[in-house]
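Colleague: I am new to this structure and would like to learn how to read it. Could we go through it feature by feature?

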Amino acid sequence: AQAALFQAQKMEAVGQLTGGVAHDFNNLLTIIVNSLDLLSRNTRDARDMRLIESAQHAAQRGAKLTQQLLAFSRRQPLQPALHNPNTLIEGFEAILRRACGELVGMQLSLAPRIRPVSVDGPQFEAALLNLIVNARDAMPEGGELKIATANVTLSEADRASSGLEPGHYISVTVEDTGSGMTPEVLSRVFEPFFTTKDVGKGTGLGLSQVYGFVTQSGGHIKIESTPGRGTSVVLLLPAQNDGEETVDDEGDTARPAR
Ligand code: ADP
């Protein structure tokens, strides 16, 4: 619990810092983008036009990075709506499969009667994509990737490890048979810009986005990893608790965990 508290405080501090920088940076980028737009309208010269276009491209990439940072640092409010998590995943399946590449087998294991969750749909999809890209990158020679959903009930006893209130949650688990991580890497993965990937391959913002999304949605993220064997990422998201619809297979809604 102590380590979890320390981790939360560290992320809070990093979030404050990057959020402030990203916010100012975003304002500056807006000025650059607007100026480039004006320039491009008044330019006839083809060579100037190419220069303007490459500057516009760079500005767009910068804007994407600051978006990710703002999402992480909670400067950008989420727009939650009620979703069936299985439907969200299935609707996004084709993109996820493409991201996996040819060498990685992707398996979906979606729990029946999954409880609905109130989340920002696009941010949920972005989080999933970030996790799948990481899993794929950890399996350059190929391997197995599994995405699973489940209904989860947390009790008072779970509070210490997750920091979450007792109640109904859903879990989304992304498991790979890749390189895994050392404890040193694992302890830093949520930090923005922390990456072990080559320059140009990783931004170090993937898991920061996932962390920001999950915690802002009232959930919790847990990663277990064994070097040489693989990694399992579990997202817990608070489930909507609305009577009949959410009854589980035993027909019991209020059963405490175990
Ligand atoms: P990026 O993918 O751009 O490096 P992330 O924040 O998504 O940024 O990940 C940070 C680092 O965490 C990665 O560079 C990698 O070292 C490690 N990592 C994340 N996911 C996995 C995984 N599934 N298997 C092994 N290492 C991982």
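Colleague: In which sense, left-handed or right-handed, does α2 pass α8?

Modeller: A crossing is left-handed if the near helix is turned anticlockwise from the far one by less than a right angle, and right-handed if clockwise. Helices (H or I, at least four residues) and strands (E, at least two) are DSSP runs, numbered from the N terminus. Here α2 passes α8 in a left-handed crossing. Before going on: this is a predicted model, in which local features need pLDDT of at least 70, side-chain atom pairs count only at pLDDT 80 or more, and totals for chains, interfaces and linings use all residues. Residues are numbered from 1 along each chain as its sequence is written.

Colleague: At what angle do the axes of α2 and α8 cross?

Modeller: Axes are lines fitted to C-alpha atoms, for helices over the stretch in contact, and angles run from 0 to 180 degrees between N-to-C directions. The axes of α2, residues 46–72, and α8 cross at roughly 40 degrees and come within 7 Å. That angle makes α2 oblique to α8; angles under 35 degrees count as roughly parallel, over 145 as roughly antiparallel, 65 to 115 as roughly perpendicular and the rest as oblique.

Colleague: Which residues of α2 and α8 meet?

Modeller: Two residues are in contact if their C-beta atoms, placed from the backbone, lie within 7 Å. From α2, Q68, A71 and F72 meet S208, Q209, Y211, G212 and F213 of α8. By class, this contact of α2 with α8 has four nonpolar, four polar and no charged residues. In this scheme Ala, Val, Leu, Ile, Met, Phe, Trp, Tyr, Cys and Pro count as nonpolar, Asp, Glu, Lys and Arg as charged, and the others, Gly among them, as polar.

Colleague: How do α5 and α8 pack?

Modeller: Their axes are 9 Å apart, at an angle of about 145 degrees. α5 passes α8 in a left-handed crossing. On the α5 side the contact is formed by Q123, A126, A127, N130, L131, V133 and N134, which meet G206, L207, Q209, V210 and F213 in α8. The classes in the contact of α5 with α8 are seven nonpolar, five polar and no charged residues.

Colleague: Why is α8 described as largely enclosed by the rest of the structure?

Modeller: A residue is buried if 20 or more other C-beta atoms lie within 10 Å of its own, exposed if 12 or fewer, and partly exposed in between, with C-beta atoms placed from the backbone. Nine of the eleven residues of α8 are buried, so this helix is largely enclosed by the rest of the structure. The buried residues are G206, L207, S208, Q209, V210, Y211, G212, F213 and V214. After α8 comes G218, whose phi is positive, near 80 degrees. In the protein, buried residues make up 28% of the 258 residues.

Colleague: Is Q123 buried or exposed?

Modeller: Q123, found in helix α5, is buried, with 21 other C-beta atoms within 10 Å. Leaving aside neighbours within four places in sequence, Q123 is in contact with A71, L78 and F213.

Colleague: What is V174 in contact with, leaving aside its neighbours within four places in sequence?

Modeller: V174 is in contact with L131, I132, A135, I147 and V233 on that basis. V174 lies in strand β5, residues 167–176, and counts as buried, with 23 C-beta neighbours inside 10 Å. V174 and C100 are 74 residues apart in sequence and 12 Å apart in space, C-alpha to C-alpha.

Colleague: How do α4 and α5 pack?

Modeller: Helix α4, residues 93–100, packs with α5 at an angle of about 25 degrees, their axes 9 Å apart. That makes α4 roughly parallel to α5. The crossing of these two helices is right-handed. I95, L96, A99 and C100 in α4 meet L128, L129, I132, V133 and R136 in α5. By class, that contact has eight nonpolar, no polar and one charged residues.

Colleague: Which residues come nearest the ligand?

Modeller: A residue is near a molecule or strand if its C-beta atom, placed from the backbone, lies within 6 Å of it. Of the 23 residues around the ligand, N134, A138, T195, G202 and G206 come nearest. The elements giving two or more residues to this shell are α5, 121–137, and α8, 206–216. The shell divides into eight nonpolar, 13 polar and two charged residues.
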